[in-house]
Amino acid sequence: MRPLYDCALFQGLPEAELHAALRFFAAQERAFPRGALLKAAPAPLHAFGLVLDGRVRVSMTDIDGREMLLSQVGAGQTFGEALCYLQSGAPIIISAASDASILWLRCEGLRRPPQTELEALLQQRFTAMLARRTLQMNDRIQILSRAGIREKLMAFFTECARDAGSSAFDIPFDRAGMAAYLGVDRSALSRMLSQLQAQGVLRYRKNHFELLGGG
C-alpha cells in the first residue's frame, strides 16, 4: 500500500475512499520484466502509470538517433499523465528500467463533471500533478541551457539538493543515465565528477552525492 500513498493522487485517503479512487481510475496492476517496452514512439498512451515497484525509464530519440533521457521513475511516482489525458501520440519511449510492477490508471473519469466530492478531489489533485510536471520540465530546461558540463552538473545537483532538503542526496541514474539526462558525453561527465570531487566541491559514491560548497 505504501507506493499508493506516496502518490499525490492518493495521499491521506481512508481505505474505503482509496478503493473508490482506484475504481474511478479503472486501475489495473501489471508486472513487466526489465527492458519491457511499455510505450513505443509515436503510439498514444491509453492509461498513465503509477510505479508500485521497480523503475521506469522515459526517453526519446533526437534527430541524430541519440537517446535523450527525460526521466527515471521510481516507486510511488507516476508517468504519462499528460499523454494519457490528451489522448495524443508523441515520440516518447517508456520502458522498464528494472523488473517493475505498474498500476495503470485511466483518465476517462477526469474528462466528465465530478459526481462526488471524491471525484472532484481527484480531479484537483490530477491538475496539480500536471502543474508540478510543468515546473519540473522548466527545471530541466534550466539545466540543459547551461553551457558546459560543470554548469549543467551544478545546476542539476542544486536542484537535487533542493528537492531532498539536504546537501546529501541520491540520484535515480547510473553514469550512463546521468549523461543521457544531461545531454553530455559519459566519459567527459566522469572526468568532471572526478575534478569536482578533487576540488572539494562535492563527494560521491555510486549514486549518492553530497555538495560541500568548496571550489
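In helix 7, five residues are named as buried: Ala 188, Leu 189, Met 192, Leu 193 and Leu 196. Seen down the helix axis, the buried residues fall within an arc of 140°, so they line one face of helix 7. This is a predicted model.

**Helix 7: length and ends**
- Asp 185 caps the N-terminal end, with a side-chain oxygen 3.1 Å from the backbone nitrogen of Ser 187.
- After helix 7 comes Gly 200, with a positive phi near 80°.

- Most residues other than glycine have a negative phi, and most peptide bonds are trans.
- The bond from Ala 41 to Pro 42 is cis, with omega near 0°.
- Pro 42 sits in the loop between strand 2 (37–39) and strand 3 (48–53).
- Ala 26 is not a glycine, yet its phi is positive, near 50°.
- Ala 26 lies in the loop between helix 2 (15–24) and strand 1 (28–32). Ala 26 is partly exposed, at 38% relative accessible area.
- Lys 206 is not a glycine either, but has a positive phi of about 55°.
- The loop between strand 10 and strand 11 holds Lys 206. With 60% relative accessibility, Lys 206 counts as exposed.

Note on methods: Residues numbered from 1 in each chain as written. Predicted model: local features only at pLDDT ≥ 70, side-chain atom pairs only at ≥ 80, totals over all residues. Heavy atoms only, no water. Buried < 20%, exposed > 50% of the residue type's maximum accessible area, 1.4 Å probe, protein only. Helix = DSSP H or I, 4+ residues; strand = E, 2+ residues; numbered from the N terminus. Arc of directions from axis to C-beta. Polar contact = N/O pair within 3.5 Å; in protein donor to acceptor, adjacent residues only side chain to side chain.
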